[in-house]
Amino acid sequence: MSDPSKRCLNCQDSFQNFQRPQGDALEFVVARVGVADSGKYWRCGRSGCRRVQNYFNYQDGFDLPPLL
Ligand SMILES: [Zn+2]
């Protein structure tokens, strides 16, 4: 239904394969945006990038803390 490829501002505005956050990363997202909106936030799949952003608005995002 939807294409997970999105622009990532942390990756020089390139298109990256985004994935749903898992585990501790998902908990961080829920704590940050609330459980109701947490499903909209996907994580950049590039190794070393910790950006999570709104699936529907790539400019609405934030970084996961180190180690998540
Ligand atoms: Zn990225």
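I started at D13, which lies in the loop between β1 (5–8) and β2. Strands here are DSSP runs of E, at least two residues long, and helices are runs of H or I, at least four, numbered from the N terminus. D13 is not a glycine, yet I read a positive phi of about 60°. Most residues other than glycine have a negative phi.

Note on the source. I am working on a predicted model, where local features need pLDDT of at least 70, side-chain atom pairs count only at pLDDT 80 or more, and totals for chains, interfaces and linings use all residues. Numbering runs from 1 along each chain as its sequence is written.

I find L67 in the segment after β5. L67 is exposed, because 7 other C-beta atoms lie within 10 Å.

Overall layout. I count two helices and five strands. Along the sequence the pattern reads β-β-α-α-β-β-β. I checked the radius of gyration, taken over C-alpha atoms, against the globule rule of 2.2 Å times the number of residues to the power 0.38. For 68 residues a compact globule would come near 11 Å, and the protein has 11 Å, so the two agree. The C-alpha atoms fill a box of roughly 30 × 25 × 20 Å along the principal axes. Buried residues make up 18% of the 68.

Strand pairing. I call two strands paired if DSSP finds at least two bridges between them. β2 (residues 14–19) and β3 are antiparallel, over two bridges. Here Q19 has R43 as its bridge partner in β3. Next, three bridges join β3 to β4, again antiparallel. R43 is bridged to V52 of β4. V52 in turn has F62 of β5 as a bridge partner. β4 (residues 51–54) and β5 (residues 57–63) run antiparallel over four bridges.

Hairpins. β4 and β5 form another, with two residues between them.

The loop between β3 and β4 also holds G45. Which residues does G45 contact beyond its neighbours within four places in sequence? I find Q16, N17, F18 and Q19. A contact means C-beta atoms, placed from the backbone, within 7 Å. G45 is partly exposed, because 15 other C-beta atoms lie within 10 Å. I also took the C-alpha separation of G45 and Q22, which are 23 residues apart along the chain: 12 Å.

Core. The largest nonpolar core has seven residues: C8, F18, V29, Y41, W42, C44 and V52. Strand β3 (residues 41–44) gives the most to this core, three residues. By definition such a core is a set of buried Ala, Val, Leu, Ile, Met, Phe, Trp, Tyr and Cys residues joined through C-beta atoms within 7 Å. I then followed V29. Not counting residues up to four places away in sequence, V29 touches P21, S38, Y41 and V52.

Last entry, on contact range. Of the contacts with a separation of 6 or more, 41% are between residues 24 or more positions apart.

Technical notes: Buried ≥ 20, exposed ≤ 12 C-beta atoms within 10 Å, placed from the backbone. Contact = placed C-beta atoms within 7 Å.
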